[in-house]
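Subject: Structure handover

Hello,

Here is the structure I said I would pass on. Please open it alongside this email.

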Amino acid sequence: MSNNFLEKAAARLQDYFTLNGFLLPQDESEKAIREGVSFRGPNILILVFAIFIASLGLNTNSTAVIIGAMLISPLMGPIIGIGLAIGIEDFELLKRSARNLCVAAGFSVITSTIYFLISPVSEGHSELLARTSPTIYDVFIGFFGGFAGIIAIAAKSKGNVIPGVAIATALMPPLCTVGFGLATWQPHYFIGALYLFIINSIYIALATFIGVKLMKFSRHVQEVSPRAKRVRKIVYAVAILTLLPSVYLTYQMLRQERFEMNVSRFVQDEFNFPSTQVLSHKASDIRGDRSISVTLIGKILPQDSLTLALSSKLRLYGLGGARLNIIQGDSPQLDNAPGHSTTQMFEFAQQAIASKQVTIDSLESVMAYRNMNDTVAARLAPELKVIFPQVSEIAVTKAVFGSVESEKLDTVNVALVRYSTPMNARQSAEFRSYLEARLRLKSVVVQQMRGKQ
């Protein structure tokens, strides 16, 4: 009974995936593909306009505009034509498709280069940067996109698959980025974007070739020629060679992501201080030279001991060998520290200025008090001549007394006075009260000085 159930389940599953009855005749599918291969008249003009639109989208970092350009672009036609030609062994179609793809790519690069040469904006945005680091994921996107494309062309009910494939495989933006690299003379843009376009083109064509074989399209000639075998070997070799750099780039990407994840965990776990917070952190891994920059804000911590203590914990987070660079509020390295936005830098500067201003105000208060004491004799002299003519010289200072027994400190305001004639007890009390009121002090100890030597 279990075998019968499995057979029914397998038959039902096969029924879901079967293409019998859902495909157009081969002649109709071929006709649709062959018509899309041609690049003359309207097709070439549409391509040029689509390139301008995509370039504008990349220039303004607008995803919606880029998607619109991909929907307009007719670049998919020659690529699918290459896959069909290899599958049915029509080498004339293969030549025409390859030639038209080269022409279309050439016009696209020339158009985008001209645009970026005259564009006033020459900065690379995120949409441009995303086209310069292809990985194995782009290989999968092109491969499965090619499968979806050939099945949609051969199916009776096409739906909106072709526009979706055009968006997913993104043939247009890489060519625009190639033009950007040429116009601004930045080779890494040119090489990365060109490699992405090659990946998409080759794997869409490869998926189309495999799809044609799976749907059992008839060959253009009855017998398998040595030329067809040679072409298939070349196709497989090119596909593998194209794949290898993307595998390496994927490894580098995953390595960098793991490094950044470990750095984030390290900063989150170890940089917990009561009066100091992490403003930002930056993880850098350039050709094996790994460094971590952490910017702190708040109370300044001992730099050397902090770096030594935290560096010893790096290996616990898989960060052994990385250099730790801690940047604090008074560090001159802050100006060159990576990973800080203008807003963060402004906020940091404002807090640093506020902190320094408190210190300045405190020092100014001390200096003002000292200046007041230094000039007290000059300020009080006219009054003392009238009220207390016995006073010949006076100096007011603040002294700190320490108890020998308890070691407690006490601040005392002391007035050092020289008299021309001694004062009695009543006059001394009145003089002390005068000084306390005039200098606005709670208490003053009056100390008589000996006469001049």
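Predicted model: local features only at pLDDT ≥ 70, side-chain atom pairs only at ≥ 80, totals over all residues.

**The whole chain**

The protein chain has 453 residues, and 39% of them are buried. Its secondary structure comes to 16 helices and 6 strands. Take the contacts with a separation of 6 or more: 73% of them join residues 24 or more positions apart. The accessible surface is about 26,700 Å². Carbon and sulfur atoms hold 60% of that surface.

**H5 against H6**

Start with helix H5, residues 76-88. H5 packs on H6 at an angle of about 160°. Their axes are 8 Å apart. Angles over 145 degrees count as roughly antiparallel, so H5 is roughly antiparallel to H6. The crossing is left-handed.

Which residues meet here? From H5, they are Pro78, Ile79, Gly81, Ile82, Leu84, Ala85 and Ile86. From H6, they are Leu93, Leu94, Ser97, Ala98, Asn100 and Leu101. By class, the contact of H5 with H6 has 10 nonpolar and 3 polar residues. No charged residues take part in this contact.

**H6 against H10**

Helix H6 spans residues 91-118, and helix H10 spans residues 172-184. These two pack at an angle of about 50°. Their axes lie 7 Å apart. That angle makes H6 oblique to H10. H6 passes H10 in a right-handed crossing.

On the H6 side, the contact uses Ala105, Ser108, Val109, Ser112, Thr113, Phe116 and Leu117. On the H10 side, it uses Leu175, Cys176, Val178, Gly179, Phe180, Leu182 and Ala183. The contact of H6 with H10 counts 10 nonpolar residues, 4 polar ones and no charged ones.

Is Ser97 buried or exposed? The cut-off for buried is under 20% relative accessible area. Ser97 has 0%, so it is buried.

What does Ser97 touch, leaving aside its neighbours within four places in sequence? Its contacts are Val37, Pro78, Gly81 and Ile82.

Best wishes

Note on methods
Residues numbered from 1 in each chain as written. Heavy atoms only, no water. Axes fitted to C-alpha atoms, helices over the stretch in contact; angles between N-to-C directions. Helix = DSSP H or I, 4+ residues; strand = E, 2+ residues; numbered from the N terminus. Parallel < 35°, antiparallel > 145°, perpendicular 65-115°, else oblique. Left-handed = near helix turned anticlockwise from the far one by under 90°. Contact = heavy atoms within 4.5 Å. Nonpolar A, V, L, I, M, F, W, Y, C, P; charged D, E, K, R; others polar. Buried < 20%, exposed > 50% of the residue type's maximum accessible area, 1.4 Å probe, protein only. Areas by Shrake-Rupley, 256 points an atom, 1.4 Å probe, with all protein chains shown as cover.
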